[in-house]
Amino acid sequence: MNRYAVALTVASALAISACSKKAPEELPPTPQAPTTAPTAGPAPAPSGPTPGSQAHFAQAMSGQDTIYFDTDRYNIDSQDQSALQAQAQYLSQYSSARATVEGHADERGTREYNLALGERRANAAKNYLVSLGIPANRVTTVSYGKERPKATGSNEAAYAQNRRAVTVILN
Amino acid sequence: MKFRLGAAFAFTLLAVPAAAQEAAPPPILPSQPSPGQPASGQPAPGRPAPAQPVPDSDVSEGGLNVTVTDENEWQDLGIAIPAFATNRDQPTPANSQGTAALGMELARVIFNDLRNNGLFRPVGPDALPQPSYQQITAPAWATWQGRSAEMLVHGYVQAGAGDRLTVGCYLYDVQLQQRLVGEGWEFAPTDWRRAAHKCADLIYSRLSGEDPFFDSRIAYIAETGPKDNRVKRLAIMDSDGANHRFITNGQSMALTPRYSPDYSKILYLSYLNGYPRIYVYDIGSGQQTLVVENQNPTMAPRWSPDGRSIMYSMATAGNTDIYRVSASGGGTPVKLTDSPGLDVGGSYSPDGSRIVFESDRSGSQQCYVMNADGSDQRRISFFGGRCATPEWSPRGDLIAFTHVVGDLRVGVMTPSGGGMRHLTNSWQDEAPTWAPNGRIVQFFRTQQGSGETSIWQVDLTGRNERRLNTPVGASDPAWGPVLP
């Protein structure tokens with residue numbers, strides 16, 4: 001319900017501002033158009049992600065869909081553990097959702113080794129999820145090595161962002 | 001395909017009597033080229049042997065004169081390469097203006113081959129007078145002596161039946177007024193550049209004593225788009241960057257190609273269907289097939305030197321090991337490594353008996369050598385930093401690798417890990433691949449920040465470094481052997 005209210009407010013604001021450029025006096029008719037759409041119920045659902053979808057998962061995790069690693073390492077530290085616990089909780093709640101863990105490395109290594117390293121990191125995350133009770137057949141892994149950086153800089157801050165394993169819901 | 005032209009010196013190991021061929025200078029030998037006639041002293045076609053120094057070593061050793069033993073001296077030789085002559089200017093599919101214009105292009109390709117590789121001091125056809133057809137076998141010595149050319153390249157091109165081209169190539173010593181070597185080839189018009197590369201190879205081999213390498217191709221990854229969403233496509237080109245062709249359309253990320261020894265196939269990694277797997281792409285049919293049917297990711301594909309086996313790396317539950325499987329399809333993969341560390345990549349020694357690979361079993365990436373069956377694994381890199389992407393030279397004497405010491409640098413070492421030295425010094429150079437003769441290494445360089453990639457090459461002195469011209473960004477070069 002909250003989300004609908006937000007959507008409505010935004011839509012109204014847009015409508016009003018759009019109108020105000022042309023005819024500032026004519027306020028009444030415009031807000032009515034958007035009100036009908038959201039109240040129509042489940043059909044269009046303008047911006048709220050479907051529960052159990054990747055968009056919903058990413059929103060619910062608010063950053064905890066990703067865990068980070070030190071150079072050349074793949075161990076799961078306490079911060080990673082809490083993130084993976086949140087992920088496992090979500091996967092338990094939406095028990096039909098299947099996930100893949102994407103493993104990544106920073107750019108300061110060779111291509112093929114980084115593919116192997118990304119796979120090892122993704123597996124470390126997967127193994128932890130499985131240890132928390134998520135069936136292994138619901139979680140796959142894929143390594144992108146250094147080919148898909150999140151931060152595009154060539155500095156330690158960027159590398160720290162890129163040495164990661166990201167859990168993604170497969171829709 | 002290939003035939004020897006009359007040679008003045010016995011050490012070129014001609015099967016035919018040299019005198020008989022010399023007796024007929026001007027109308028050279030286009031009448032005699034029997035296609036497919038095996039040339040003496042050459043490896044049989046269709047075999048992967050050309051990449052190895054063995055078959056030609058007799059020729060070079062026997063043919064060495066005093067000048068070629070000193071590298072600096074032969075490097076400084078001035079070589080004049082005027083336009084190739086034609087007996088009759090006639091249309092050819094290889095050049096819209098005809099065979100005379102094609103003769104000019106042939107000389108330009110040879111000139112650029114030598115110049116771009118820092119070999120000799122070549123002067124190209126645009127700065128030289130054009131010899132007549134008759135002069136190809138009887139050079140106007142006074143003209144070339146006046147230009148202080150020490151060496152002179154003459155050649156001819158003729159269009160024959162079925163538009164096939166016959167190209168002859170001669171190297172003369174201007175001071176001695178002697179022919180040093182001559183050879184001819186017959187090619188389909190689409191392959192005309194190969195005739196020029198063959199001639200460049202002939203000149204280079206005769207003067208340096210080294211094995212040829214120009215007539216070869218390179219598979220690589222073409223890169224476009226932003227750093228965090230780069231499109232990576234499989235592409236191929238000739239050794240000089242010509243005849244560029246994209247193989248894949250970029251919808252699935254492609255990485256780490258390797259030409260088969262006979263150039264009929266390319267092994268590479270693709271994210272087709274979302275997950276990294278190695279495929280073998282058949283160039284003739286355009287079809288590709290999975291190398292291994294398995295749920296696990298496969299990567300780092302390599303051919304054995306005889307092309308019969310494929311070595312690859314596969315991750316099982318996060319741990320990567322190295323395997324070998326028959327290249328003809330089917331068959332059970334053989335697991336070559338079994339360590340809890342990541343064992344990745346690898347490269348066969350030219351005789352196929354050993355494999356150099358990388359592993360982080362010691363705690364960081366280091367280079368190891370094992371027998372081809374996986375036995376006797378031992379670490380060879382003990383010089384500090386990390387050792388990655390080892391690549392055995394086709395000559396067998398050196399291993400090129402990526403030395404990760406903060407920056408990534410290309411280095412070489414002996415197969416026992418000795419004599420380590422760097423060939424490059426930049427922010428990020430990786431993934432060396434050898435020229436067919438083991439004298440030049442290509443690699444790819446990544447720009448700090450932008451992540452732009454480009455292919456570079458450097459010779460074993462580390463001095464002659466240059467960037468290759470590619471239409472877009474380029475990485476993962478894989479240099480094939482001399483073409484069969």
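The model is a predicted one, so local features need pLDDT of at least 70 and side-chain atom pairs count only at pLDDT 80 or more, while totals for chains, interfaces and linings use all residues. Residues are numbered from 1 along each chain as its sequence is written, chains are lettered from A and ligands numbered from 1 in the order in which they are written, and side-chain values use heavy atoms, with hydrogens and water left out.

Searching the whole structure for disulfides (cysteine sulfur atoms within 2.5 Å) turns up two over all chains. In one, the sulfur atoms of B:C169 and B:C199 are 2.0 Å apart, and the link is right-handed, with 65° about the S-S bond. B:C169 belongs to strand β5 (residues 165–173) of chain B and B:C199 to helix α7 (residues 192–208) of chain B, so this pair ties together parts 30 residues apart in sequence. Helices (H or I, at least four residues) and strands (E, at least two) are DSSP runs, numbered from the N terminus. B:C169 and B:C199 are both buried, that is, under 20% relative accessible area, with exposed over 50% and partly exposed in between (1.4 Å probe, protein chains only).

In the disulfide of B:C367 and B:C387, the sulfur atoms sit 1.9 Å apart. The torsion about its S-S bond is about -90°, so the B:C367 and B:C387 link is left-handed. With B:C367 in strand β20 of chain B and B:C387 in strand β22 (residues 386–392) of chain B, the pair ties together parts 20 residues apart in sequence.

Strand β20(B) has five of its six residues buried, so it is largely enclosed by the rest of the structure. Its antiparallel pairing with β19(B) runs over six bridges; strands pair if DSSP finds at least two bridges between them. Here B:V356 stands opposite B:V369, while in β21(B) the bridge partner of B:V369 is B:R378.

Rings of Phe, Tyr and Trp (its six-membered ring) pair if their centres lie within 6.5 Å; planes under 30 degrees apart are stacked, over 60 edge-to-face and the rest tilted. That rule gives 15 aromatic pairs over all chains. B:F357 and B:Y368 are stacked, at 5.7 Å centre to centre and 25° between the planes, and both are buried. B:R361 lies over the face of B:Y368, 4.8 Å from the ring centre (CZ of Arg or NZ of Lys within 6 Å of the centre and within 35 degrees of the ring normal).
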